[in-house]
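I opened this entry to record what I looked up in the structure. The notes follow in the order I made them.

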Amino acid sequence: MTTTTTIPLESIIAFLNSMSLNAPKKRWLGEHLIAEAMKEESMTIHAPQTRRIVKRRSANSPSDAELEARFAGLETPEIPADPEWSEVISANTGKTIKPIEKWL
């Protein structure tokens, strides 16, 4: 059985300050603490997680051939060198999308 002792962080700092540590030793200690913390965080992030993969498919989506036939004969509009967002949105939808409008 493992027991865990909780020590307030202020007490640890007070203990370290009571020792005669020079700047390089404090830096060494800090760098090692950061390295240990990063190792623990990466173990938490990369821990195996079970994820459910959902593939969504439209029942009525057109095939590539159908899309090609639908747009045959239409020319592709020119894309401005540095389009404004309003131009991009209006080119795609014909109207400004309300949630995006505030950012324009």
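**Fold and surface**

I counted the secondary structure and found 5 helices and 0 strands in the protein. Helices (H or I, at least four residues) and strands (E, at least two) are DSSP runs, numbered from the N terminus. Along the sequence I read the pattern α-α-α-α-α.

The model is predicted: local features need pLDDT of at least 70 and side-chain atom pairs pLDDT 80 or more, while totals for chains, interfaces and linings use all residues. Residues are numbered from 1 along each chain as its sequence is written, and side-chain values use heavy atoms, without hydrogens and water.

I looked up burial next: 1% of the 104 residues are buried (under 20% relative accessible area; exposed is over 50%, partly exposed in between; 1.4 Å probe, protein chains only). The protein exposes about 10,900 Å², of which carbon and sulfur atoms supply 57%.

**Salt bridge**

I searched the whole structure and got 1 salt bridge (a side-chain nitrogen of Lys or Arg within 4 Å of a carboxyl oxygen of Asp or Glu). Lys 39 and Glu 36 form the salt bridge, at 3.4 Å from N to O. Both sit in helix α2 (residues 23–45), 3 residues apart, so about one helical turn separates them. Lys 39 is partly exposed at 44%, and Glu 36 is partly exposed at 41%.

**Nonpolar patch**

I noted that Ile 7, Leu 9 and Ile 12 make a nonpolar surface patch of about 290 Å² (residues with over 30% relative accessible area and no salt bridge, nonpolar side chains joined within 5 Å). Ile 12 lies in helix α1 (residues 9–18) and is partly exposed, at 34% relative accessibility.

Conventions
Accessible areas come from the Shrake-Rupley method with a 1.4 Å probe; for residues, only the protein chains shown count as cover. Patches are made of residues with over 30% relative accessible area and no salt bridge: like charges are joined within 9 Å, nonpolar side chains (Val, Leu, Ile, Met, Phe, Trp, Tyr) within 5 Å.
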